[in-house]
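User: I have a model open and would like to go through its contacts with you. Could we take them one at a time?

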Amino acid sequence: MKKLSVFAVAAFVTMFAVSNSYAWVGAGLHWGYDLSMSMDDVSKEKINLGSFKIADLEVGSEALYVSRLQWRNSPLNFGGKVYLDFIPVINAIELSCNFGLWQYDGALHVLNPQKTLGNVTLDNPIPELVHDEIPLTLKNTGLSYVGLSGTPYAKLHFDASVRKQILDLWLIKFNGGAGVSAHFATPLLSNALVEKALDIKISDDASAALANLSDPDLAKGAAKKIVQEIIDQALGKPVIGGHIVLGVQAKLPVIPVGVYVDGKYMFPFSKFDSDASGVKGFGSGLLFNMGISLSL
């Protein structure tokens with residue numbers, strides 16, 4: 001009888017250990033390193049003022065433009081996931097998310113009529129246009145946003161994935177899968193953003209817009225409004241895309257806590273910002289997540 005009891009306890013412990021090495025449901029928290037976003041430098045994206053002149057000089061297409069330079073990652077990227085791990089054939093269904101931050105050096109370049117016309121001489125009746133640069137960064141406008149100093153860019157994306165186990169090394173399991181993604185991002189510095197922030201149709205009221213932006217004191221207020229508009233529009237319309245994922249999870253039997261690493265290749269189906277050129281949802285295409293999971 002005693003031997004039978006010992007055998008029963010041993011069998012129960014073995015079954016419990018084996019069953020708990022395979023999670024049925026779980027959740028995780030992770031830190032991400034996102035290389036899936038990039039942006040080309042844009043030094044002169046024109047804001048067309050239409051047929052606009054100072055004196056007799058036509059400057060409508062050259063009076064105002066924006067620049068977006070030196071795109072860079074920030075260390076802030078985090079997220080989480082929940083999953084069901086008992087689905088027949090495909091093994092697991094997973095919902096996950098990441099919130100990440102980037103920054104760049106944005107600026108508005110405004111024609112200075114006084115400096116430009118000051119270059120007019122009999123020998124030089126068509127002078128070179130002189131622009132003033134208005135930095136549109138958090139540092140220069142006195143605003144703050146999660147520790148960034150440049151022009152902020154934020155993205156929140158949600159992934160729905162199906163996964164299948166491809167290799168089981170007992171404590172370490174490898175899986176692969178694919179799914180769909182929805183990306184929500186802040187707007188980039190652009191003509192449309194500047195007009196919305198300043199509440200003006202620049203091409204319809206070019207003289208007033210240029211006069212305000214050429215005044216140093218007024219320009220500071222305008223710059224702050226533009227950067228604040230980026231922050232306020234935090235998460236716009238979703239961009240739908242897809243992804244491929246490869247993952248590895250390590251977990252000891254009985255203990256419900258494990259660690260995981262996921263690598264995703266992201267591919268959006270449309271542009272992230274239709275009002276501005278340069279931003280891409282590919283970069284090197286890769287997102288890496290490293291996290292801790294709790295499973296049952």
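User: Which residues do ring pairs link into a cluster?

Analyst: Happy to start there, with the reminder that this is a predicted model. A search of the whole structure finds 10 aromatic pairs. Ring pairs join four residues into a cluster: Trp71, Trp102, Tyr104 and Tyr153.

User: Is the ring pair of Phe267 and Phe269 stacked, edge-to-face or tilted?

Analyst: A pair of aromatic rings is described by the distance of the centres and the angle of the planes. Planes under 30 degrees apart count as stacked and those over 60 as edge-to-face, with the rest called tilted. For Phe267 and Phe269 the centres are 6.1 Å apart and the planes are at 50°, so the pair is tilted.

User: Which residue stands opposite Tyr104 in S9?

Analyst: Strand S7 covers residues 91-111 and strand S9 covers residues 151-169. The two pair in the antiparallel sense over 13 bridges. In S9, the residue opposite Tyr104 is Thr151.

User: Where in the hairpin of S9 and S10 is there a positive phi?

Analyst: S9 also pairs with strand S10 (residues 172-185), in the antiparallel sense and over 14 bridges. Within that pairing, Ser161 stands opposite Gly179. The hairpin has 2 residues between the strands, and a positive phi near 65° is taken by Trp170.

User: Is His157 buried or exposed, and with which side chain does the side chain of His157 make a polar contact?

Analyst: His157 is in strand S9. Its relative accessibility is 1%, and buried means under 20%, so His157 counts as buried. Leaving aside residues up to four places away in sequence, His157 touches Ser96, Cys97, Asn98, Ala182, His183, Met266 and Leu287. The side-chain polar contact, at 3.2 Å, is with Asp159.

User: How many residues apart are Lys81 and Glu94, which form a salt bridge?

Analyst: A search of the whole structure finds 8 salt bridges. In the one between Lys81 and Glu94, the closest N and O atoms are 3.3 Å apart. The pair links distant parts of the chain, with Lys81 in strand S6 (residues 64-87), Glu94 in strand S7 and a separation of 13 residues.

User: What does the charged end of Lys81 sit over?

Analyst: Lys81 is buried, as is Glu94. The charged end of Lys81 is placed 3.8 Å from the centre of a ring. That ring belongs to Tyr260.

User: Why does the salt bridge of Asp262 and Arg163 tie together separate parts of the sequence?

Analyst: The side chains of Asp262 and Arg163 meet at 3.0 Å, N to O. Asp262 lies in strand S12 (residues 257-268) and Arg163 in strand S9, so the pair ties together parts whose separation in sequence is 99 residues.

User: Are Asp262 and Arg163 buried or exposed?

Analyst: The cut-off for buried is under 20% relative accessible area. Asp262 has 4% relative accessibility, so Asp262 falls below that cut-off. Arg163 has 5%, so Arg163 also counts as buried.

User: Which residues are linked with Lys81 in a network of salt bridges?

Analyst: Lys81 forms a salt bridge with Glu94. Asp262 and Arg163 meet in a salt bridge as well. The network links Lys81 with Glu94, Arg163 and Asp262.

User: For the protein chain, what share of contacts between residues at least 6 apart in sequence join residues at least 24 apart?

Analyst: The protein chain has 6 helices and 14 strands. Of its 296 residues, 44% count as buried. The share of those contacts that join residues at least 24 apart is 74%.

Methods: Residues are numbered from 1 along each chain as its sequence is written. This is a predicted model: local features need pLDDT of at least 70, side-chain atom pairs count only at pLDDT 80 or more; totals for chains, interfaces and linings use all residues. Side-chain values use heavy atoms; hydrogens and water are left out. Two strands pair if DSSP finds at least two bridges between them. Helices (H or I, at least four residues) and strands (E, at least two) are DSSP runs, numbered from the N terminus. Rings of Phe, Tyr and Trp (its six-membered ring) pair if their centres lie within 6.5 Å; planes under 30 degrees apart count as stacked, over 60 as edge-to-face and the rest as tilted. A charge sits over a ring if NZ of Lys or CZ of Arg is within 6 Å of the ring centre and within 35 degrees of the ring normal. Buried means under 20% relative accessible area, exposed over 50%, partly exposed in between (1.4 Å probe, protein chains only). A polar contact is a pair of N or O atoms within 3.5 Å; within protein, one must be able to donate a hydrogen and the other to accept it, and residues adjacent in sequence count only if both atoms are side-chain atoms. Contact means heavy atoms within 4.5 Å. A salt bridge is a side-chain nitrogen of Lys or Arg within 4 Å of a carboxyl oxygen of Asp or Glu.
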